[in-house]
Amino acid sequence: MRDAAALEGPRTGMTAVLLPPTAMSFHVVAGLPIVQRVALCALRGGFDAVIALAPGDGAALRAVLARDPRTARIPVVADTAGAAIVSEHVALIPSDCVVTTGALVRARAAEVNGRPLRFGAGGIVVAPRATLGAPPSDAGLPEGELCLRVTDARAAAAAERALLATLGSPTDGPIARFDRALSTRISRHLVRTPLRPNHITTIGTCIGFAGAWGLAQGSYLSGVLGALLFWFAVIIDGCDGEVARLKFLESRFGYWYDITTDNLVHAAVFAGLGVGLYRADPSQPFLLLGALLVGGLIAATAATLTLLVPDPLADQPAPRSRRGRGRRRLLGGFEALMNRDFAYLLLLLAVVGRLHWFLWGAAVGTYVYAGALVLVHRWRDAD
């Protein structure tokens with residue numbers, strides 16, 4: 001799912017108004033009541049203020065918003081007259097609409113030009129306060145953003161499926177799409193539990209360590225089991241981020257906890273692979289290769305965290321020269337190589353009894369990766 005901050009446009013002096021709740025506003029979609037999801041999206045959408053309308057005392061709405069300290073401070077009023085709206089423009093957002101933050105960012109940043117605009121099938125209406133009653137014109141939403149009204153349980157299920165589909169990326173390759181298809185099926189159940197993203201990261205880490213233990217035993221069956229457990233840990237590794245985005249629980253600590261535990265699991269798996277192969281055939285230098293592989297992992301990780309993570313390619317201006325475009329393509333390839341697709345190769349080689357091929361190749365390849373990344377990144381004149 002996209003970073004809301006990256007989608008934000010210029011501020012327009014706009015207040016987000018959550019329309020009075022319906023019965024479906026309190027229906028849970030992907031772990032959160034729809035109205036709470038709308039409120040959290042609105043808070044991230046960059047509006048000057050967010051208010052919620054509820055006839056009567058609004059007790060049910062207040063109770064839902066009070067569950068999260070971020071939404072607890074949203075004022076709940078009976079009508080817009082009691083809201084004391086001072087901004088020039090207003091965004092009316094149905095509270096029974098499954099919406100993404102990017103859709104609200106698009107609505108907030110739109111050029112209204114004195115006439116109301118309606119975004120998406122969910123019916124977000126943006127207008128100057130003076131023209132709220134005028135018929136709106138329809139406006140589009142960016143690809144991958146949602147605004148879906150939920151009128152019944154069937155519509156809620158469809159909206160949840162659509163929301164899960166936004167977790168992928170257009171640049172995902174076939175393996176990443178397959179991983180995402182599996183992880184989202186797990187995540188749709190995990191969001192209904194009290195488990196937080198860091199809990200899921202810890203579970204995945206434990207499964208990964210269990211895979212490393214299996215690889216270290218030295219038998220064919222334990223090798224297959226270890227590789228299978230590591231592959232499953234990779235799938236679970238996708239779930240922590242998905243749950244975090246679906247429930248608005250992203251954190252800086254969670255980001256670094258995920259990266260750190262991933263690399264600890266990799267080191268354990270590679271060390272376990274060397275130990276297991278040595279146990280199976282002590283005449284080969286598998287212990288040395290395992291140690292070299294762990295060292296290569298450290299070098300490759302250090303190069304990636306130092307050169308790629310602080311300055312993502314997506315945030316860099318498009319290069320003008322041929323050398324610059326070549327550098328960008330190569331760096332994009334390095335980014336792709338740092339994913340965990342090698343879990344499939346490890347599992348395949350375990351099944352065919354050729355785990356030593358992986359050990360030899362990776363023991364050399366990690367150092368080649370680190371050195372080549374440093375070399376390509378230093379093409380400073382490639383603009």
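E160 is buried in this predicted model, with a relative accessible area of 6%. Buried here means under 20% relative accessible area, exposed means over 50%, and partly exposed lies in between (1.4 Å probe, protein chains only). The model is a prediction, so local features need pLDDT of at least 70 and side-chain atom pairs count only at pLDDT 80 or more, while totals for chains, interfaces and linings use all residues. Residues are numbered from 1 along each chain as its sequence is written, and side-chain values use heavy atoms, with hydrogens and water left out.

E160 forms a salt bridge with R188, and the closest N and O atoms are 3.2 Å apart. A salt bridge is a side-chain nitrogen of Lys or Arg within 4 Å of a carboxyl oxygen of Asp or Glu. The two partners come from distant parts of the chain, 28 residues apart: E160 sits in helix α5 (residues 153–165) and R188 in helix α6 (residues 174–190). Helices (H or I, at least four residues) and strands (E, at least two) are DSSP runs, numbered from the N terminus. R188 is partly exposed, at 25% relative accessible area. A network of salt bridges links E160, R188 and R192.

Helix α6 also holds R180, which pairs with E242 of helix α8 (residues 220–246), so parts that are 62 residues apart in sequence are tied together. The R180 and E242 side chains meet in a salt bridge at 2.9 Å, N to O. R180 is partly exposed, with 23% relative accessibility. E242 is buried, at 0%.

D138 and R118 form a salt bridge of 2.8 Å, N to O. D138 belongs to strand β10 (residues 137–139) and R118 to strand β8 (residues 117–119); the two are distant parts of the chain, 20 residues apart. D138 is exposed, at 60% relative accessibility. R118 is partly exposed, at 31%. The count for the structure comes to nine salt bridges. Side chains of opposite charge can pair when their charged atoms come close.

Zero disulfides are found in a search of the whole structure. C41 is in no disulfide, and the nearest cysteine sulfur, in C97, lies 9.2 Å away. A disulfide is a pair of cysteine sulfur atoms within 2.5 Å. C41 is buried, at 2% relative accessibility. For C97, the closest cysteine sulfur is that of C147, at 3.3 Å, which is too far for a bond. C97 is buried too, with a relative accessible area of 0%.

One cavity of 30 Å³ or more is counted. The largest cavity has a volume of about 70 Å³. Among its 13 lining residues, G204, T205, D237, D262 and R340 are the closest to its centre. A cavity is a set of points, on a 1 Å grid over the protein atoms alone, where a 1.4 Å probe fits but cannot get out; lining residues have an atom within 4 Å of a point. Grid points are joined across faces, edges and corners, and a volume is the space filled by probe spheres set on the points.

Helix α8 gives the most to the lining of the largest cavity, with five residues. The lining divides into five nonpolar, four polar and four charged residues. Ala, Val, Leu, Ile, Met, Phe, Trp, Tyr, Cys and Pro count as nonpolar, Asp, Glu, Lys and Arg as charged, and the others, Gly among them, as polar.

Notes:
1 Å grid on protein atoms, 1.4 Å probe; cavity = no way out; pocket = protein on both sides within 12 Å on 5 of 7 lines; lining within 4 Å.
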